[in-house]
Amino acid sequence: MAGNSTYVPATGFTRWLDKRLPILRLTHDTVSTFPTPRNLNIWYTFGGILTFCLGVQIVTGVVLAMHYVASADLAFNSVEGGIMREVNYGWLIRILHANGASMFFLAVYIHMFRGVYYGSYKEPREMIWILGVLIYLLMMATAFFGYVLPWGQMSFWGATVITSLFSALDQVIPHLGTAITTWLWGDFAVGDATLNRFFSLHYLLPFAIAAVVGLHIWALHIPGNNNPLGIDVKGPQDTVPFHPYYTAKDAFYLALFMILFAAFVFYAPDFFGNPDNSIQANPLVTPTDIVPEWYLLPYYAMLRSVPQKLIGVLVLLGSLVTLFLIPWLDSSKVRSCRFRPLMKQCFWVFALDCVLLGYVGSQSADAVLNLGGMQLPLVWLARAGTAYYFAYFWVLMPLVGRIERTKALPESIAKSVLGTAGERI
Amino acid sequence: MATAIKPEPTRRDFLYIATGAVGAVGTAFTAWPFIDQMNPTSAVLALASIEVDLASVQPGQQVVFKWRGHPLFVRRRTPKEIAEARAVAVTDLIDPLARNANLPDSAPATDANREFKPEWLVLLGVCTHLGCTPTVSTPQSPQGDYGGWLCHCHGSQYDTSGRVRKGPAPQNLAVPPYSFMSDTKIKVG
């Protein structure tokens, strides 16, 4: 942690460098010797995995930009013809980039659910959480801009639907929403101007993400990691140095994650894709079913669950803004759900709720579920799911912390991990 | 201090405020070109009107043209469709306004206010919810309950006058500015 560096430069050069740019000292203190709780489990390896994902997206993305043409007439062909069929290994790099986005979101969702389960957003780690939500929003924006670039049918109509969310402002101040969508599009509809600015922003935002990741990690290094027990580190007996203990653990799980990634890339490259996006954008024909990428489906279901445009958009916005506030919505003094029997159940219902909303979002707007002769319109499932999503944060988080009897917390991390041996360390 | 004396403004205070004000105004003036460059260019604005030939459109048929990057619906309505549209009371509508660029903003959404000639309905094919293109309803392939259009994206429905009858769309399909140049030709935009 801050202020107790143990770095000793070993050579003449590193002594010289340390006086001028103490970058090796920074690396030593924040990576090598950084005291880390000794009980971090598999779910704590996703921070490293996410850094890897960001790196993959930037490297493959920079390469793809060398072959891509941001033009409504040429974009589709430069991707499907040029990159996929003519550029050496273009197919591989594009498939890595497209599936990399899905892997990135898979990892970020695990990372976020882990944070919620172990109460990692709680005091004193609020800033880590807030910066994390900011990264998540930037990721969604980047992914959205990126999905438009191949200029397929789903690219085009996804861009139309998402940018049209702003037209809901017409219901607040007449013509304001239309003025904003025209401004966003640079035209009266999504077109060439829109594609070019989305390409520019898609290239820019990953570097903004990298910057906020830097802040996220900086904020993490002030209090240090939370842990599955959610109790504070009480002394050196509770920690191990980050290197080699967690560099090795992170590397192992990263390798497993890369196997999963490679399995999609080489055996199911179109698993996450939508067949409609293999058809070039046509501004006159909307595909029968518009669906966003899987990682945005729960929000899409919430948007569609409301039959009124402005309120639907506000619900969507509210579901995201809520995430920033949870450090203050959760009233419990105990961080980890391991010791919160009631909250643990609420959490798992919440996790299922997100999956349910994702399923509903993937189905068409007027779909009906046939449950043994009973006809259940999916929109009602979406409404129930949306209600629970908000209730989890705004009702259960404040309430459960006040009424639940938490289990006894262990005395220390060392004792919990090592039993009585922990006392001898 | 026992008595709070408001200090006299000094030359320095004045300079601080004046400098700050000039800086703020300067920033705003500098920001504007960077904001306004996002709006449609003069080349985009120049392509804003088209002429449409109606001669080939059969009764009961809809033909789609492209105007300002959007689909433009031209529907030649059958007498039955016209009668259905005219039978609806404005008070039963979700959006009571005509949304006709050729009429004042306050014109009510009667069927007569939605077109120049009852047979010809000219609309922007842009769902007023989130901009998808609604699918036309025909007797052979009905879409929704109102005989007009159904938007598959989020389930909005429109009647044979293009007026919204089922949400989430908040407004009737827009009637673009257009005029009849002859009996079989219109100019849109």
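**Reading a sheet and an interface**

Q: How do strands of a sheet pair?

A: Strands pair through backbone hydrogen bonds, and the pairing is either parallel or antiparallel. In this predicted model, chain B has an open sheet of three strands with antiparallel pairing.

Q: In what order do the three strands of this sheet lie, and which are the edge strands?

A: The order is β2-β3-β4. The edge strands are β2 (62-67) and β4 (120-124) of chain B, since each pairs on one side only. Neighbouring strands in this sheet are turned by 20 degrees against each other on average, direction ignored.

Q: How many bridges join β3 to β4 in chain B?

A: Five bridges link β3 (residues 70-76) to β4(B), and these two strands run antiparallel. To find one of them, look at B:V74, whose bridge partner in β4(B) is B:V122.

Q: How is the size of an interface often given?

A: The size is often given as the accessible area lost when the parts come together. Here chain B and chain A bury about 2500 Å² between them, with 65% of it on carbon and sulfur atoms. B:M38, B:L130 and B:H154 supply 25% of the area that chain B buries against chain A, more than any other three residues.

Technical notes. Residues numbered from 1 in each chain as written. Chains lettered and ligands numbered in written order. Predicted model: local features only at pLDDT ≥ 70, side-chain atom pairs only at ≥ 80, totals over all residues. Heavy atoms only, no water. Pairing = 2+ DSSP bridges. Helix = DSSP H or I, 4+ residues; strand = E, 2+ residues; numbered from the N terminus. Axes fitted to C-alpha atoms, helices over the stretch in contact; angles between N-to-C directions. Buried area = accessible area lost by both parts, 1.4 Å probe.
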